[in-house]
Amino acid sequence: MDNAADLRSRSIRLPTSGLALTKALRRPLRVALFSGNYDCVRDGANQALNRLVAYLLHRLRAEVRIYSPTAPRKAFESVGDVRSVRSISIPGRPEYRVALGFPRAVREDFEAFAPDIVHLSAPDLLGRQAQKHARALGIPVVASLHTRFETYLDYYRLSFLRGPVERYLDRFYDDCDRILCPTQPIAQDMAARFGTERVTIWGRGIDPDCFRPTLRDEGLRARLGHAPGDAVPLFFGRLVMEKGLAVFARTIAAVRAEGLAVRPLIVGEGPARNWLAEHLPNATFMGHLSGEELGRAVASADILINPSVTEAFGNVNLEAMASGLAIVSADVPSASTMIAHGRTGLLVPPADVGAYAAAVADLVRRPRRRAALGAAAAAAAACFAWDDVLDDVARCYGALVHVPLATPTARAA
């Protein structure tokens with residue numbers, strides 16, 4: 001059996017529902033979640049973790065304690081009981097904080113909580129020390145992979161550290177009982193290195209109330225200066241260089257060089273905003289948005305350009321697909337697992353500005369093709385439901401605490 005088939009087949013041997021897990025334990029499941037920046041930064045990883053905690057609290061009736069650095073001011077209203085861990089801010093990137101380890105007071109709080117499962121969401125010093133402590137106590141350890149941290153080094157002229165970083169990450173994930181991977185390609189890669197039995201897929205879902213084609217707002221487009229027939233390119237995400245901002249800016253310049261007067265829409269905020277504004281004259285910056293306001297802005301664009309290679313999943317691709325946009329994305333595992341090239345979007349070589357520009361220019365000139373890709377993308381995105389993917393995490397927890405639950409096969413018999 002190949003890795004992909006084996007990964008799929010394993011799902012029938014795991015507990016069938018999170019609520020059944022709680023009932024089988026005859027008490028609330030206790031989960032200790034360790035995060036690098038649980039509510040300091042609004043990004044896809046932290047949004048997914050907050051959704052998981054809400055699911056654990058309200059659907060499983062579990063007890064959850066989150067250990068994370070905290071900032072003087074939250075980036076968003078988070079979910080759950082957050083216990084602050086001593087940390088410092090990163091020079092030049094004050095929104096990010098780095099935990100200074102797993103201090104005694106936090107360790108004592110952790111031991112008093114007596115979790116059934118330890119869930120690590122970042123391979124930082126806090127996560128590594130908590131991992132070692134949990135293993136010494138015999139507590140199962142799960143790690144979820146949210147970001148390809150090794151890819152960040154190229155953006156900060158630290159490529160010479162890639163070897164040591166990759167070796168550290170290998171040790172970190174090798175010391176976990178289970179690794180939650182966001183996509184099938186990443187799961188197959190991790191299974192080849194650490195064993196198929198230790199890998200589970202935890203994808204991401206979509207909120208249909210926030211992201212849907214019907215939120216497209218011609219009035220908003222008009223207020224932003226776009227005529228009804230304009231094709232509006234979109235950048236959607238945190239404004240940091242590792243999201244591929246340089247490729248995005250060069251792509252827009254190349255499209256304009258072909259005589260197409262495109263004016264991009266930028267949805268998001270971050271420390272590289274001034275850099276992008278300098279390199280993208282005549283762009284519209286919407287800043288940070290949330291909820292239906294975010295969905296309306298995304299649906300009111302036409303073409304998402306996503307040159308990022310650092311995502312483990314690529315939430316912005318999925319959210320733009322659900323909004324009915326045509327997608328032009330870097331051809332990386334996080335994108336290729338959800339985008340069927342030529343049918344639900346276009347995949348291009350990650351650093352090839354010419355390929356991005358050609359794809360975008362073609363979609364600007366061919367509105368019918370653009371609309372067909374957007375409609376197919378929206379239909380494909382409708383299959384991603386949060387409850388389904390969060391149930392996968394509960395099944396993973398159940399397998400590790402050895403709860404004797406029925407499988408679908410047993411129930412059918």
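Reply: Arg238 touches Val41, Arg42, Asp43, Arg93, Glu95, Tyr96, Lys243, Glu269 and Pro271, leaving out residues up to four places away in sequence; contact means heavy atoms within 4.5 Å. The model is predicted, so local features need pLDDT of at least 70 and side-chain atom pairs count only at pLDDT 80 or more, while totals for chains, interfaces and linings use all residues. Numbering runs from 1 along each chain as its sequence is written, and side-chain values use heavy atoms, with hydrogens and water left out.

Arg238 has a relative accessible area of 15%, so it is buried (under 20%; exposed is over 50%, partly exposed in between, with a 1.4 Å probe and protein chains only). Its place is in the loop between S10 and helix H9 (245-257). Helices (H or I, at least four residues) and strands (E, at least two) are DSSP runs numbered from the N terminus.

Strand S10 leads on to the sheet. The sheet is open, has six strands in the order S12-S11-S10-S13-S14-S15, and is paired in parallel; two strands pair if DSSP finds at least two bridges between them. Strands S12 (284-287) and S15 (346-348) are at the edges with a single partner strand each, so one side of each lacks a neighbour in the sheet. Neighbouring strands are turned by 20° against each other on average, direction ignored; axes are lines fitted to C-alpha atoms, for helices over the stretch in contact, and angles run from 0 to 180 degrees between N-to-C directions.

Within this sheet, S13 (residues 303-306) and S14 (residues 326-330) pair in the parallel sense over four bridges, and Ile303 stands opposite Ala326 in S14. Helix H12 (residues 315-322) packs on the sheet and touches S10 (233-236), S13 and S14; the direction of H12 makes about 175° with that of S13.

The next topic is the nonpolar core, meaning a set of buried Ala, Val, Leu, Ile, Met, Phe, Trp, Tyr and Cys residues joined through side-chain atoms within 4.5 Å. The largest has 62 residues, and Leu234, Phe236, Ile266 and Val328 have the most contacts inside it. Helix H14 (residues 353-365) gives the most to this core, with eight residues. Leu234 touches, among others, Phe248, Leu265, Val298, Ile303 and Leu325. Apart from this core lies another, of 31 residues, including Val106, Tyr173, Ala187 and Ala312.
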